[in-house]
Amino acid sequence: MTEQEIKDVVRGVLQNMGTNQGNASKAATAPSSGRQMGIFVHIEDAIAAAKKAQKEIQPMPLEFREKIIANIRKKTLENAKTLAEMGVEETKMGNVGHKILKHQLVAEKTPGTEDLTTVAWSGDRGLTLIEQGPFGVIGAVTPSTNPSETVICNSIGMLAAGNAVVFAPHPGAKNVSNFAIDMINRASVEVGGPENLAVAVQNPTMEVSKTIFSHKDISLLVATGGPGVVTTVLSSGKRALGAGAGNPPVLVDETADIKKAAEDIVNGCTFDNNLPCIAEKEVIAVDTIADELIYYMEQVGCYHASKEEVEKLTNTVFTTKNGRQILNRECVGRSAKVILSKIGVTVGDDVRCIIFEGDKKQPMIDEELMMPILGIVRVKDVDEGIETAVELEHGNRHSAHMHSKNIENLTKYGKALDTAIFVKNGPSYAALGFGGEGYTTFTICSRTGEGLTSAKTFTKSRRCTMCDALCIR
Ligand code: NAD
């Protein structure tokens with residue numbers, strides 16, 4: 001999708017809502033001012049309520065789960081603009097138009113109960129089935145970068161599988177996350193389902209998360225976030241799914257359609273100001289086409305920073321905490337214009353991305369930034385490019401992308417990077433089903449290997465054997 005196509009889709013969504021971008025709050029249900037369904041003061045009460053709701057949902061027909069899910073999808077579409085605006089306002093990160101699209105994607109492309117399949121063997125000794133049953137109550141940690149998108153996407157998949165979920169949202173995104181949880185419960189109650197299928201507390205803290213991680217009534221943990229939280233859940237002693245950090249490289253070789261590669265890379269990198277974990281975070285270009293690539297990137301809204309500006313940017317996007325260099329959260333998810341203004345450079349809204357050429361060790365290339373800044377590393381050939389990409393991906397095995405028409409090069413890259421996501425000749429978001437085939441998710445289990453999660457990821461395998469009967473062949 002081009003930037004223009006994205007704008008057209010956003011405009012269409014807004015028109016369907018009978019509003020426009022400047023007239024936000026009328027668009028959908030206003031944030032509820034009264035009691036929020038599923039939101040508790042104490043975590044113990046929240047877990048107990050989720051346990052009760054799960055016991056109610058499990059025996060109900062799958063058709064009924066689908067009815068609830070259909071209403072969650074409907075409400076997500078109705079509230080997409082409100083959720084997008086709340087997210088940007090609370091976290092100060094991202095872009096309202098793109099966040100609307102992310103919610104729309106979650107509503108339309110997150111798999112429901114159809115994702116649960118049965119495997120069967122039948123023969124002389126009877127019939128054996130493998131059924132996918134629920135875990136029970138799941139503890140799910142969600143990030144600040146896609147807060148309500150992750151809450152809704154997780155809820156649909158977990159509920160489709162027959163679970164209830166206790167969320168530990170990022171404290172910096174608790175309002176929009178809790179708003180989404182309230183919306184999910186209202187969707188359930190409205191069609192006759194139970195309340196508290198998704199729960200959280202008013203004030204999520206590390207202490208609350210610790211309680212969730214060790215609670216006897218929680219049988220599966222799912223962490224969507226950076227390396228700290230993934231390591232914590234994996235050390236909990238419970239079964240855990242880890243959707244961790246990435247630093248996706250994109251390699252462009254001499255056989256690529258360079259103009260299209262430039263457009264795709266900039267579109268992917270600037271989507272929601274580079275917050276998606278799958279988004280292009282650095283470019284590796286084969287020397288013979290590097291100048292042409294940079295030229296076309298400049299044509300589609302990139303600001304080419306000078307050496308001095310790169311130094312100033314590096315000193316701005318990183319800060320020091322307890323002697324360690326960390327990301328400056330004032331820059332994460334901000335637009336190129338805002339980031340440039342922090343180093344005294346004034347540009348218009350047409351500037352979407354900041355580019356610069358640099359060494360692979362340059363910190364803005366080596367680190368996962370989550371902002372529209374793309375360092376470009378020049379390499380002599382595709383093999384050096386693959387080696388560089390492997391180094392920059394840091395073994396996260398998360399996402400890597402490539403532009404090339406050479407099947408052998410693409411294959412070598414795919415094998416070497418070994419990532420959960422590998423987009424070829426398109427923007428990174430195609431992997432989420434946005435302008436690409438396949439379903440969507442905002443929880444990509446890179447660390448633990450499940451890849452793009454869906455309802456079946458949140459199930460337990462159950463073998464059900466009938467001896468010497470029910471084979472009617
Ligand atoms: P973050 O790691 O700061 O926070 C994520 C969540 O973990 C929050 O709810 C936070 O409160 C919690 N948390 C953090 N450290 C914790 C600890 N030690 N114990 C318990 N809870 C803890 O991340 P963020 O800034 O909100 O999100 C961005 C990061 O998440 C990036 O690294 C990005 O790549 C990653 N991410 C990955 C995926 C994926 O699907 N793989 C999706 C979104 C984001």
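For the class counts below, Ala, Val, Leu, Ile, Met, Phe, Trp, Tyr, Cys and Pro are taken as nonpolar, Asp, Glu, Lys and Arg as charged, and the others, Gly among them, as polar. The model is predicted. By these classes, the shell around the ligand holds 14 nonpolar, 13 polar and 2 charged residues.

**Ligand site**

The ligand is surrounded by 29 residues, and the closest of them are Thr 142, Ser 144, Gly 244, Glu 368 and Ile 444.

| Residue | Protein atom | Distance to a ligand oxygen atom |
|---|---|---|
| Glu 368 | polar side-chain atom | 2.5 Å |
| Gly 226 | polar backbone atom | 2.8 Å |
| Gly 225 | backbone N or O atom | 3.4 Å |

On its own, the ligand has 830 Å² of accessible area, of which the protein covers 87%. The elements that give two or more residues to the shell around the ligand are the strands β4 (137-142) and β5 (164-169) and the helices α8 (206-214) and α9 (227-234).

**The pocket**

Where does the ligand sit? It sits in the largest pocket. The volume of this pocket is about 1400 Å³. It is lined by 49 residues, and those closest to its centre are Gly 225, Gly 226, Pro 227, Gly 228 and Arg 329. Gly 225 and Gly 226 are therefore named both at the pocket centre and in the polar contacts, which are pairs of N or O atoms within 3.5 Å.

At least two lining residues come from each of β4, β5, α8, α9, β12 (318-321) and β13 (324-327). By class, the lining of the largest pocket divides into 20 nonpolar, 22 polar and 7 charged residues.

**Cavities**

Rolling a probe the size of a water molecule over the atoms shows where empty space is left. Over the whole structure, the search finds 4 cavities of 30 Å³ or more. The largest cavity contains about 50 Å³ of space.

Which residues line the largest cavity? They are Lys 102, Leu 105, Phe 271, Pro 276, Ile 278, Tyr 429, Leu 432, Phe 434 and Phe 442. By class, this lining has 8 nonpolar residues, no polar ones and 1 charged residue.

Technical notes. Residues numbered from 1 in each chain as written. Predicted model: local features only at pLDDT ≥ 70, side-chain atom pairs only at ≥ 80, totals over all residues. Heavy atoms only, no water. Near = heavy atom within 4 Å. Polar contact = N/O pair within 3.5 Å; in protein donor to acceptor, adjacent residues only side chain to side chain. Areas by Shrake-Rupley, 256 points an atom, 1.4 Å probe, with all protein chains shown as cover. 1 Å grid on protein atoms, 1.4 Å probe; cavity = no way out; pocket = protein on both sides within 12 Å on 5 of 7 lines; lining within 4 Å. Sits in = over half its atoms within 2 Å of the grid points. Helix = DSSP H or I, 4+ residues; strand = E, 2+ residues; numbered from the N terminus. Points joined across faces, edges and corners; volume = space filled by probe spheres on them.
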